[in-house]
Amino acid sequence: MPTFTETAKATKKKRDIKLVGIDMYIITDKGIPKFDDIGPFKCEFISNRGTKVWPGFVSPDLLQVNWYRCRFMATKDVQDADVNTFLDALTKKGWWWSAAQKLWNYDGEAGFSKAY
Amino acid sequence: MGKQHVVTMLPGEGTGPEICEAVRLVIDASGVDIKWEYEDIGLDCLEKYGTLLPDKTIQNIAKNKVALKGPTTTPIGTGHKSANVTLRKVFDLYANVRPAKLIPVLKRPWDKIDIINFRENTEDSYAAIEHMVSDEVAQCLKVITWPGSYRIADFAFKWAKDNGRKKVWCVHKANIMKMTDGLFLDAFREVAKKYPDIESGDIIVDNCCMQLVRNPAQFDCLVLPNLYGDILTDLCAGLVGGLGFAPGANVGDGCAIFEAVHGSAPKYAGMKKVNPSAVLVSGIMMLRWLGEEAAAARIEKAMFAVLDERKHVTYDVGGTAKTDEYAQAIVDKMHAKA
């Protein structure tokens, strides 16, 4: 008789995974970053502490820290190698970043949250 | 009459509109001069505006800087962001103030509960940073920042000082989450040094839950990160009689929104059946925030008297009165005492 763990592992469903973007976590004391397109990646929004600070309305009272989540979405089909090129370009432009999170669609559905 | 206040009224959906009308009836009869400006929020906005929180509503709140909000419902598992969470983020309403005080007429097993919860309202695992990092693993980032932690602690200590409270507790899980909850606790301790007249302490969140159920009278003010605050504020509401009497305020440096924390009970919409007390006590909090202590005290006293008599109370507290009949009884009680 299978254990609960074995049964749980057996329930895994195969899903189609497609790379569609990158969340970059940028550290800067110079305010909200501004980006040109980098290769096939275009900045879609920037959030700070989970609140969208670009584009659109930002309360002047909003507390912002020096850590920004910058969402770059692919404008065409991309591969993992394109992410490496993107990271290299971003670093060469002088951006200091703490982490990168690839954004995938699973069976066509976004596997990542939107920003408030 | 004194100064006129302009307040945004957000009736919400479901039973929200009938509740808010009852509350407005009571507040307007208290002698305070309020100009109400009605704006839309919630599920009913989806068809009309394509969003739960229209820009027009945001602009009106930004202008008035104070709002009274009825209940709204957040759709589960759809792509729509919660209107409540969006409001908190747009206006940076970082302090969720949730008092839990025994109402004499509601029989509870404790002699005294008088707790003020100060829930950090904008970060923690509510920062909306979630990813499916593989096809079988999801992660949610818990974001705790020094300034975010410092200001909620500062807000709580200042409130405690201004309101004659004795002790502020920091509720955390820093023994396990040493970086995130550790930072929250460090900021709390730093702030505590500024308030030598207020006693401070800290308690692990699971122990705090047990202590709240066993002996809630030992607690005065609690400062909590967002997730623990979400859970413990409802626990405290349950201790004193449930969400039907639980007031809430979301306060930032430039704006405050007062709201009930219960749902919109759509199945009762239009039946004038539900108890409007939670929005009413939130309105009382709002009046105090506006500096209208006399009107707040007048409503509070009349509400307690009506509850005590049990002649004109709603079904949830053993009566048969409609929402507006309960409100009218409070108004009559205020006028009778005048």
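This is a predicted model: local features need pLDDT of at least 70, side-chain atom pairs count only at pLDDT 80 or more; totals for chains, interfaces and linings use all residues.
Good morning. I begin in chain B, where K167(B) lies over the face of W169(B), at 3.9 Å from the ring centre.

F41(A) belongs to strand β2 and F86(A) to helix α2, 45 residues apart. Both residues are buried. They also belong to one aromatic cluster, together with F35(A), F72(A) and W95(A).

In chain B, F118(B) and F155(B) form an edge-to-face pair, with 6.0 Å between centres and 65° between planes. Because F118(B) sits in strand β5 and F155(B) in helix α5, the pair ties together parts 37 residues apart in sequence. F118(B) has 0% relative accessibility and counts as buried; F155(B), at 18%, is buried as well.

Now the sheet of chain A. Its six strands form an open sheet in the order β3-β2-β4-β1-β5-β6, with antiparallel pairing. The edge strands are β3 and β6, each pairing on one side only. Strands β5(A) and β6(A) are joined by two bridges, and N105(A) stands opposite A110(A). Helix α2(A) lies across β1, β2, β4 and β5, at about 15° to β1(A).

Finally, helix α4(B), residues 83-90, has eight of its eight residues buried, so the helix is largely enclosed by the rest of the structure. D92(B), which follows α4(B), has a positive phi near 50°. Thank you.

Notes: Residues are numbered from 1 along each chain as its sequence is written. Chains are lettered from A and ligands numbered from 1 in the order in which they are written. Side-chain values use heavy atoms; hydrogens and water are left out. Two strands pair if DSSP finds at least two bridges between them. Helices (H or I, at least four residues) and strands (E, at least two) are DSSP runs, numbered from the N terminus. Contact means heavy atoms within 4.5 Å. Axes are lines fitted to C-alpha atoms, for helices over the stretch in contact, and angles run from 0 to 180 degrees between N-to-C directions. Buried means under 20% relative accessible area, exposed over 50%, partly exposed in between (1.4 Å probe, protein chains only). Rings of Phe, Tyr and Trp (its six-membered ring) pair if their centres lie within 6.5 Å; planes under 30 degrees apart count as stacked, over 60 as edge-to-face and the rest as tilted. A charge sits over a ring if NZ of Lys or CZ of Arg is within 6 Å of the ring centre and within 35 degrees of the ring normal.
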